[in-house]
Amino acid sequence: MRTTFIESLSQAASENPDIWLLCGDLGYSVLEPFAAKFPDRFINVGVAEQNMAGMAAGIALSGKTVFIYSIGNFPTLRCLEQLRNDVCYHGADVKVVAVGAGYAYGSQGYTHHALEDAGIMSMLPGIEVFVPCDPMEVRAATRLIAGSGKPSYLRLSRQGEPNLGPVVTDLRKPRLLREGRDVVILASGPIASRALEAADALAARGRDVGVVSVSCLKPLDEAVIREAVSDASLIVTLEEHILRGGLFSLVAGAFAGDAARPPVTGIGIPEQGGKTSSAGSREALLDAAGLSVPAVVARIEQALARR
Amino acid sequence: MTIPVNRPEPKEFARRIRAHALRMVHAAKASHIGGCLSMADILAVLYTQVLRLDPADPQAASRDRFVLSKGHATAIMYATLAECGFFSLAALDSYCRDGSILTGHVSHAVPGVEVSTGSLGHGLPIAIGMALAARSAGAGSRVFCLLSDGECDEGSNWEGILFAPHHKLDNLCVIVDFNKIQSFGSVAEVLNLDPFAEKWKAFGWHVEEIDGHDIGALERVLAAVPAPSGRPTVVIAHTVKGKGVSFMENKLEWHYRSPSDELLAQALAEVGA
């Protein structure tokens, strides 16, 4: 995803001389091609995210489109007030790019896990939030935000993620990854690959399960989601993020006022306040958090049994 | 872009904006008059002698930028912009009133205001971004950023203070309104900045330390931006909180209080209104 992002950004920067990239001393072996090609529009600001975010606003308010890049919580929570006041309040054309979604930096520990970022970024006024599930969505998202003229948040995983579905035509619209109408799994981010595996396992048991990638969390296209779940007896959300403020909150909120609606089961990462995290790969930590494919299948079967 | 020629000389300008600010803070029962009065002479020199701004074309790409980082000092800022013709003097009467855009912390909805601030430690990074963009554009724009002394407690400033000399941002000028009093005590008591000039020098800045009420000194150092050294400039302006009003000078309480009718009359008389 990182490589796809930087390739897409370089393409956009070739076409638009106003695109700048700032990084907070992270991106080794990833950002160098951009820096080499556009040395006047690339700055490693150092390990100083508040300054990076404020500077990005200042550059953007001078007519540029500025990407800021770092890992997980650093370009987001670390400089949250700069994003709120300097970027969003002014509608500055700043794109916040965080790599390391969820448990992507698994063994590095909780400080490097991005588990609350998408929800917190979604709360900022006027920002658009993208959580792509595969490189194709990353490419589409980068192209889209480079030209949107608005503050944006782009949440990337790390590397090696496969493409999960057909070519992206409109990133703002949820993308059908797997046909199926009775149970619909709405997934955001690369965890969508586990949704597909779970759907296959459920299909083997005779269940009709669809999978939809919801990569644009804000603005959420409720109309397309409604269409996707119009025949569903169960909606499942799956995210590599805590449930509060993430995809589950958005979907549950979208359906809350409906007189008749399918139940929504949210599967995400438990809040772990006060608990230490253990070392582990992304896969191991997801399994431990109850997001293994068998666990997801079991949760869905339980929810169907309760229906 | 040049400075429009119909501005009064700085002393007269400072007298006017002090009087406006006193009336505004009194009418709105607002705070921060002490920190407004301490920076009046700095604004007067900037807006009559230094900044290349055109109120008829406030968004001109080649303009100089002024970033008020001590965003609580709005009364004197709005008074300055109104005196320059960015909007009417009559609009100052709406300061902090229901529905007014003249909020108690500076707002970019107000013509002539570059950025909204008020949470401290935000202005300098934004100004650095503007200085980088201005250098890239090659239009010769300069960026001036006014900090309060208490604001220098914020770590975000020190990130920027490291950054600007490293990138030789000589079109950037920071002015510190060093009035020695922050909101809950003196700077020396709360979080001492000394040795202040030495800190900036050690970070690689071109440092000027002057009396912030000395019009001639302000003109000399501010007009010299960009510094010939190729470094960013910091002007440590030693000022007096509440300057110009005897009973407000060097008094912590005037960070918060607004004057009564009687005290307003005395204050206006003292500033020569």
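Visitor: What makes up the contact between chain A and chain B?
Guide: In this predicted model, chain A brings 19 residues and chain B brings 22 residues. A residue gets onto that list because it has heavy atoms within 4.5 Å of the other chain.

Visitor: How many Å² do chain A and chain B bury between them?
Guide: About 1,700 Å², with 60% of it on carbon and sulfur atoms. On chain A's part, Asn51(A), Tyr89(A) and His90(A) supply 27% of the area buried against chain B, more than any other three residues.

Visitor: Which helices of chain A supply at least two residues each to the side that touches chain B?
Guide: Those are α3 (49-60) and α4 (80-88). Of these, α3(A) gives the most, with 7 residues. Sorted by class, that side of chain A has 8 nonpolar, 8 polar and 3 charged residues.

Visitor: Now for Gly280(A): why is this residue called buried?
Guide: Its relative accessible area is 14%. Buried means under 20%, and 14% falls under that, so Gly280(A) counts as buried.

Visitor: Where is Gly280(A), and what does this residue touch?
Guide: Gly280(A) sits in the loop between β12 (264-267) and α10 (282-291) of chain A. Leaving out residues up to four places away in sequence, Gly280(A) touches Gly106(A), Ser107(A) and Leu285(A). The C-alpha atoms of Gly280(A) and Gln108(A) are separated by 8.2 Å, and these two residues are 172 residues apart along the chain.

Conventions: Residues are numbered from 1 along each chain as its sequence is written. Chains are lettered from A and ligands numbered from 1 in the order in which they are written. This is a predicted model: local features need pLDDT of at least 70, side-chain atom pairs count only at pLDDT 80 or more; totals for chains, interfaces and linings use all residues. Side-chain values use heavy atoms; hydrogens and water are left out. Buried area is the accessible area (1.4 Å probe) that two parts lose on being put together, summed over both. Helices (H or I, at least four residues) and strands (E, at least two) are DSSP runs, numbered from the N terminus. Ala, Val, Leu, Ile, Met, Phe, Trp, Tyr, Cys and Pro count as nonpolar, Asp, Glu, Lys and Arg as charged, and the others, Gly among them, as polar. Buried means under 20% relative accessible area, exposed over 50%, partly exposed in between (1.4 Å probe, protein chains only).
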